[in-house]
Each structure stands twice: as structure tokens, then as C-alpha cells.
Amino acid sequence: KLSTLPMLVSIRSAYDKKLSLLGYIVTHLQKEKPGLAEEMLRDLAEVPHAVRIDVDALESSMQMMASKLTFLKGCIKTFEAGGEALERVQCFHRDAEKGFNALQLEFKSALQSFRDTCGYFGQHRHSAGGGGSNAGCGNSWKEFFGIWNQFTQDYLRTQNEVRRQQEIEARKKKKHRNSDVRRAKRKKNDKRTFRTRLRPKLALAR
């Protein structure tokens, strides 16, 4: 379930307390499926923006616009003066109503997509408290995207930590290889020196 995501960074290996479950996942994806990790991060790139959206405030604004349009329509019906002024108001109302209907459809579609996404991730189909249009999912809009936003931050931070650790290990291995090379050169030079010193002694023995 989605609620398990924040736990990934706190679950530690029994053999290495420095290694979290999220760290293991990051390392595995880097080695086995780097393209999948990049695709996931691209999909989550807009999550910080989604967290800041106040769905209840948007719904209130939509209701207010609907109320204002209804009020304007009533005023038009009781408008006594005709002519050009009335035509302009009627034209404005038609355009505003058309734009509002399109916006309302888009808003409802976004909320339905949100509910479907909640269902996909196994969120409970009940109100999260507060009876707005975002009810019907186990988490409110901000809670849902807040979990993903925290996971994204944890993943990126862990990814950087894994990369730093890999760089440290790579430098250690390089230093160890260089040390082995220097040791081998000294050993070779020692053999040459020994042979050089031994050569005159062998000549005298003959």
C-alpha cells in the first residue's frame, strides 16, 4: 500500500544498519534497471506542484462561479431595457457559461482520475474527513500527494548517498590498486638490485 512508502527509509538491514530498504532498492535499480528509475523520477517530477493545490478551495471557486452565472442569467431575464446593452450582456453570459462548462468538465475529470489513482494504490474507498469532492479516497489530495512528495525527496537523498558511497568505494579500490602496483614495482626493483649486487660475486667465484 501507499502508506508503506515512508517506511522504506527507516527499515534497516539486520547485517548493515547503515543500509536501508530504500537504499537497497536504489542500488538494485541503478544496477539492474536504470531506465526504470529515471522514468519513475520523471513521472514524479510534478508531485511537488500537486501538493500545493487546494482542491477544496478550487471546488468553492467553481461553486461561486456557477452561482454568479445563475444570478446573471436571472438578471438578464428581468432586464427591462433592450437593445445593444442587453445583447452585450447576453453575449458575455453565453461565452462565460461555455468557458465555465468546459472548466467544470476538466475539473470533474481531474477528480475522477485522482479517485481512480487512489483505487489503483489500494486506498480505502471512504471519506477522509471533510466532505469535499476529493472524498471517496482513503487519503485527501494533500495527504496522497504528500506521501509521494516525501518518497521522492527520500529517494533522491538516498540516491545521492548511494552515489557518494560508491565514489568513496571506487577511490578506495583505485588507491588499493595503485598501492599494489607500487609494491610490485618495488619488488621488481629489489630483484634487479639483488641481481646486480650478486653478479660481481659470482664472477669472482668463477
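In which segment is Ser20 found? Ser20 is found in the segment before helix 1 (21–32), where helices (H or I, at least four residues) and strands (E, at least two) are DSSP runs numbered from the N terminus. This is a predicted model, in which local features need pLDDT of at least 70 and side-chain atom pairs count only at pLDDT 80 or more, while totals for chains, interfaces and linings use all residues. Residues are numbered from 1 along each chain as its sequence is written, and side-chain values use heavy atoms, with hydrogens and water left out.

- Ser20 counts as buried, at 7% relative accessibility; buried means under 20% relative accessible area, exposed over 50%, and partly exposed in between (1.4 Å probe, protein chains only).
- A polar atom of the Ser20 side chain lies 3.0 Å from the backbone nitrogen of Gly23.
- When its neighbours within four places in sequence are left aside, Ser20 is in contact (heavy atoms within 4.5 Å) with Leu8, Val9, Ile11 and Arg12.

**Helix 5**

- Helix 5 (residues 83–120) has 38 residues and should span 56 Å at 1.5 Å a residue, which agrees with its end C-alpha atoms being 56 Å apart; the expected span is 1.5 Å times one less than the number of residues.
- The buried residues in helix 5 include Leu86, His93, Phe100 and Phe107, and Leu111, Phe114 and Cys118 are buried there as well.
- After helix 5 comes Gly122, whose phi is positive, near 75 degrees.

**Aromatic pairs and the cluster**

- A search of the whole structure finds 10 aromatic pairs, for which rings of Phe, Tyr and Trp (its six-membered ring) must have centres within 6.5 Å, with planes under 30 degrees apart counted as stacked, over 60 as edge-to-face and the rest as tilted.
- One of these pairs is formed by Tyr120 and Phe121, which are edge-to-face, at 5.1 Å centre to centre and with 90 degrees between the planes.
- Within this pair, Tyr120 is exposed, with a relative accessible area of 69%, whereas Phe121 is partly exposed, with a relative accessible area of 27%.
- Phe151 and Tyr155 form a tilted pair, at 6.0 Å centre to centre and with 50 degrees between the planes.
- Phe151 and Tyr155 are separated by about one helical turn because they are four residues apart in helix 6 (residues 141–205).
- An α-helix has 3.6 residues a turn, so residues three or four places apart point the same way.
- Phe151 counts as buried at 8% relative accessibility, and Tyr155 counts as buried at 1%.
- One aromatic cluster is formed by Phe114, Tyr120, Phe121, Trp141, Phe144, Phe145, Trp148, Phe151 and Tyr155.

Note on methods: Polar contact = N/O pair within 3.5 Å; in protein donor to acceptor, adjacent residues only side chain to side chain.
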